[in-house]
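Subject: Structure handover

Hello,

Here is the structure for you to look through. Please open it first, then read my notes beside it.

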Number of protein chains: 2
Amino acid sequence: MAATFFQAVMRSSLRDFEAARARMGANVMPTPLLHLDWSGQRCIRLKAENLQPLGSFKIRCGSNVIGLLDAESARRGLVTVSAGNFAQGLALAANRRGVPVIAHVPEGAPAVKVKKLRSLGVTVVHQSPTEWWRIASTRDTCGSDGTFVHPVCDPSVVHGNGVIALELAEQWPQIDTVVVPFGGGGLATGIAMAFRALGKPVRIVACEVEGSAALSAARLADTPVTIEHQRSFVDGIGSSRVLDEMWPVARALVNDVIVVSVQEVKDALRTIVSRHHMVVEGAGAAALAAAVSARCGGTNVAAILSGGNIDPAVLCSILCESTGEGESA
Amino acid sequence: MAATFFQAVMRSSLRDFEAARARMGANVMPTPLLHLDWSGQRCIRLKAENLQPLGSFKIRCGSNVIGLLDAESARRGLVTVSAGNFAQGLALAANRRGVPVIAHVPEGAPAVKVKKLRSLGVTVVHQSPTEWWRIASTRDTCGSDGTFVHPVCDPSVVHGNGVIALELAEQWPQIDTVVVPFGGGGLATGIAMAFRALGKPVRIVACEVEGSAALSAARLADTPVTIEHQRSFVDGIGSSRVLDEMWPVARALVNDVIVVSVQEVKDALRTIVSRHHMVVEGAGAAALAAAVSARCGGTNVAAILSGGNIDPAVLCSILCESTGEGESA
């Protein structure tokens, strides 16, 4: 299975990404690329995926998955395993085509996300974290009816996410570096592979947050290892382990990893709110935190603001904290 | 003078707006048009001018004014009268061309705006509110050196603002109504006149906030009247009187006015933050509040989110208030 996913991703052609783009249609908005207002050496721009319907890039891969379904699979429906954002993106696209969706979500998933899934007609199945991770690792849903769609390790997901790179290449031909939040790995590898398919040498920098830097750990060991995952408000990225299927793809396509602190993420979030008038979730702010850090390098750097789904109370508490030095960057 | 401004605006051609668009160059971002996530009858979209550099549409008119300057005027510099946003837009464009700017600002203008003006190289002159209003009404700056640029009653300002309509017509050919926050009137009349120049019958709905609805008062009396202006957090629009020069233009070009309550503006602001992951100032949220109100009408309605410059403490206090019924719209 791992070899199949790896091979499918690595032999992706530009046509795969262009076809994914065509499939997205009106579900997806080509997102703006804002010039970061700062005085640093690098030119940094912000790819505002937080402005997508439902507030994250996941509508891109969801639309591609749904667009690829044959009539029989569409009738039978889909099963996925997602903490929320992917299931939402899938569900929104599925809803428009009348495709039933079952989502296995971990116990403790934010109530607001579960409520949103139900409002989109999704059948929600709660699982213990252990069982949820087992499903994500094995694709064995114990008999849930329908075609299984993996939220990250699926070529159609990778192709949907990679459309962001097609837009970036058009919006900023001089781009040389892209900083991508690393959760399951589907976003970073999709963007990386699309730049390869375009024949455009762009450095792919993954970003993680201290306490949940599973990719950094895997790179150090040159194999996925299980780490102790410390929770923070940055809930959209980070895990206790890189999926075995994703590892060879990430290993081949990601050039660098930057691990930022929770404090740096908060500073970046305040900058985005106060200077660019957008709301981002921790994962999105992490990309900016990595892009402004001395470790980043590059001349023309795009940071992917992957999503905007942050709890309003958390947002307020971060905005009200006194700003650190990083905010004045 | 009034007749001259009126005539200049009313005989604007499509070429004036297209030339303004060409002059803007890289200073200005064509802003995205987001689909409002709501269950109401009308289709509503959000024109996100809050994402512009410096957080407001004012960079559009500022860039057009600067682009039109001859070399001698550019050398002598400009003088304006502005509470902040227009002066900022003008200053950013001026800064890039090395044009000196003097801004007369009212005492009590937010310190953060004054600081930003100074950082852009502007010479700031504080005036009492009475004297400030006298300058805005008479254009007599008591000998400040340079060419006077009025923040709203200037054809090049109107043409710069009208470029928003060119973008809207391309982004949404089916648009039939546009809701525009009404401050000095330069934004609403610019958009209105550009739609006229395009030969596109789009209804122009101005929006005001209760307690500072000077346009509504002028329409009722069919002449500008002075009202008692109640301050609220919605500081970007509303005044105690429509400028005499602006009145005939607004009278000719604005089809309807909707006055919204401060509570409706807060509800709209929460919707924009939580569902669309953007930060807007009160004036921008007011446009959405008017667009979702039963008084609006129309089938395909664009709300102009004019700016995003809101004090973080004010934003937090609004986000933390319990949401009213309007938020569930």
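B:Val279 sits in the loop between helix H12 (262–276) and helix H13 (282–292) of chain B. Helices here are DSSP runs of H or I with at least four residues, strands are runs of E with at least two, and both are numbered from the N terminus. This is a predicted model: local features need pLDDT of at least 70, side-chain atom pairs count only at pLDDT 80 or more, and totals for chains, interfaces and linings use all residues. Residues are numbered from 1 along each chain as its sequence is written, chains are lettered from A and ligands numbered from 1 in the order written, and side-chain values use heavy atoms, without hydrogens or water.

Is B:Val279 buried or exposed? B:Val279 is buried, at a relative accessible area of 2%. Buried means under 20% relative accessible area, exposed means over 50%, and partly exposed is in between (1.4 Å probe, protein chains only). Leaving out residues up to four places away in sequence, B:Val279 touches residues of both chains, including A:Val273, A:Val279, B:Asn50 and B:Leu315. A contact means heavy atoms within 4.5 Å.

**The two copies**

Chain B can be laid on chain A by a turn of 180 degrees and a shift of 0.0 Å along the axis, with an RMSD of 0.0 Å. The two copies are thus related as by a two-fold rotation axis. In chain B, the C-alpha nearest the axis belongs to B:Met278, 2.1 Å away from it. The superposition is by least squares on the C-alpha atoms of residues with pLDDT of at least 70 in both copies. Of the interface residues of chain B, 100% are also interface residues in chain A, so the copies meet through the same surface.

**Cysteines**

How many disulfides are there over all chains? A search of the whole structure finds zero. A disulfide is a pair of cysteine sulfur atoms within 2.5 Å. The closest cysteine sulfur to that of A:Cys320 is in B:Cys316, at 3.5 Å, which is too far for a bond. A:Cys320 is exposed, with a relative accessible area of 53%. For B:Cys61, the closest cysteine sulfur is in B:Cys153, 12 Å away, again too far for a bond. B:Cys61 is buried, at 0% relative accessibility.

**Strands**

Look at strand S2 (residues 43–48) of chain B. Five of its six residues are buried, so S2 is largely enclosed by the rest of the structure. Three bridges join S2(B) to strand S1 (residues 33–35) of chain B, and these two run antiparallel. B:His35 has B:Arg45 in S2(B) as its bridge partner. Six bridges join S2(B) to strand S10 (residues 300–305) of chain B, in the parallel sense. There, B:Ala48 stands opposite B:Leu305. Strands pair if DSSP finds at least two bridges between them.

In chain A, strand S3 (residues 78–81) is covered on both faces. A:Leu78 and A:Thr80 on one side, and A:Val79 and A:Val81 on the other, are all buried. S3(A) pairs in the parallel sense with strand S4 (residues 101–106) of chain A over four bridges. A:Thr80 has A:Ala103 as its bridge partner in S4(A).

Best wishes
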